[in-house]
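Thank you all for coming. Please take a moment to look at the sequence and the model on the screen before I start talking through them.

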Amino acid sequence: MTIDFAKLKILVVDDQMLVRSLLTQSLKAMGISPDNIYQAVDGATAKRALDGKPVDIVLCDLQMEPMNGMDLLKEIRCGRTMNPPNMPFVFLSGHAEKQNIVLAAQLHADGFVIKPPKPAELEKNIHAAMQRARPEPDPFAYYAIPTGSAHDKFVFGEQLQAAARKVDEDGQPVETVALKDVQAGRILGEDLYNKTGQLLLQRGSELTRTQLRVLLNYPDRFGVQKVVLRKDAPVEA
């Protein structure tokens, strides 16, 4: 498959302005339009950018605060942005330790380029990422993969547990709703399991568009037909 670099939309994520500038120069030299190159200073800023605009691929640093590159990739793979959870994602990092390579593979990163990246290596990884087959992932399978960061422990640990406790303690009424009628942003009133009894999401979790779409499109895989929701007003995800 031929990649039309002139139309490619890329998000560059790095906390160093010099690195972002150098990467942008390299991307322009490949024929990518300057208007299609977006920048973010950390994972949190990148997540907000991904909620606001579609991109074709993310080039991302690893070590950033408060949300690092692994955290951003996990958020994407879990379907917690407006972009597809299987979108191409390449790491650019000087920290190629084994544990980082393994974690990147678990989160299905498309590449791990050592910084400073050589233009030829960068272009090679972009080509490979864009040409790779993109089967629909299971966004629920990534929740249990820890990145080891404070952000991950809070968002995918403490925050979810606190939301589950709130559902229990509030005693708010719940309702059972057919999956096809559930709107994004509704809050689970009970834990959600697949047909084999595996936990997909804890009660208190907010259902995203991606999660609902995957559940609806793959009934044989998940076997979810109805969900129990809190009876509060839905909030758009």
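Let me begin with a question: is Cys78 buried or exposed? This is a predicted model, and in it Cys78 has a relative accessible area of 0%, so Cys78 is buried. Cys60 also counts as buried, because its relative accessibility is 0%. What is the count of disulfides here? The count comes to 0, since a disulfide would need two cysteine sulfur atoms within 2.5 Å. For Cys60 the nearest cysteine sulfur is that of Cys78, 15 Å away, and Cys60 is in no disulfide. Cys78, in turn, is in no disulfide either, with the sulfur of Cys60 as its nearest, at 15 Å.

Now let us turn to the open sheet, which is formed by 5 strands in the order β2-β1-β3-β4-β5, with parallel pairing. At the edges stand β2, residues 37-40, and β5, residues 111-114, and each has a single partner strand, so one side of each is left without a neighbour in the sheet. From one strand to the next, the twist averages 20°.

If we follow β1, residues 10-13, we find 4 bridges joining β1 to β2 in the parallel sense, and Ile10 of this pairing stands opposite Ile37 in β2. With β3, too, β1 pairs in the parallel sense over 4 bridges, and there the bridge partner of Val12 is Leu59. Leu59 also has a bridge partner in β4, namely Val90, and β3 and β4 run parallel, joined by 3 bridges.

Which way do the side chains of β1 point? Ile10 and Val12 point one way while Leu11 and Val13 point the other way, and all of them are buried. In a regular strand, side chains alternate between the two faces of the sheet.

Taken together, β1, α1 and β2 make a right-handed β-α-β unit.

Why can we call β9 largely enclosed by the rest of the structure? Because 4 of its 5 residues, in the stretch 226-230, are buried.

Definitions and conventions: Residues are numbered from 1 along each chain as its sequence is written. This is a predicted model: local features need pLDDT of at least 70, side-chain atom pairs count only at pLDDT 80 or more; totals for chains, interfaces and linings use all residues. Side-chain values use heavy atoms; hydrogens and water are left out. Buried means under 20% relative accessible area, exposed over 50%, partly exposed in between (1.4 Å probe, protein chains only). Helices (H or I, at least four residues) and strands (E, at least two) are DSSP runs, numbered from the N terminus. Two strands pair if DSSP finds at least two bridges between them. Axes are lines fitted to C-alpha atoms, for helices over the stretch in contact, and angles run from 0 to 180 degrees between N-to-C directions. Contact means heavy atoms within 4.5 Å. A crossover is right-handed if, with the strands pointing away from the viewer, the path from the first strand over the helix to the second runs clockwise.
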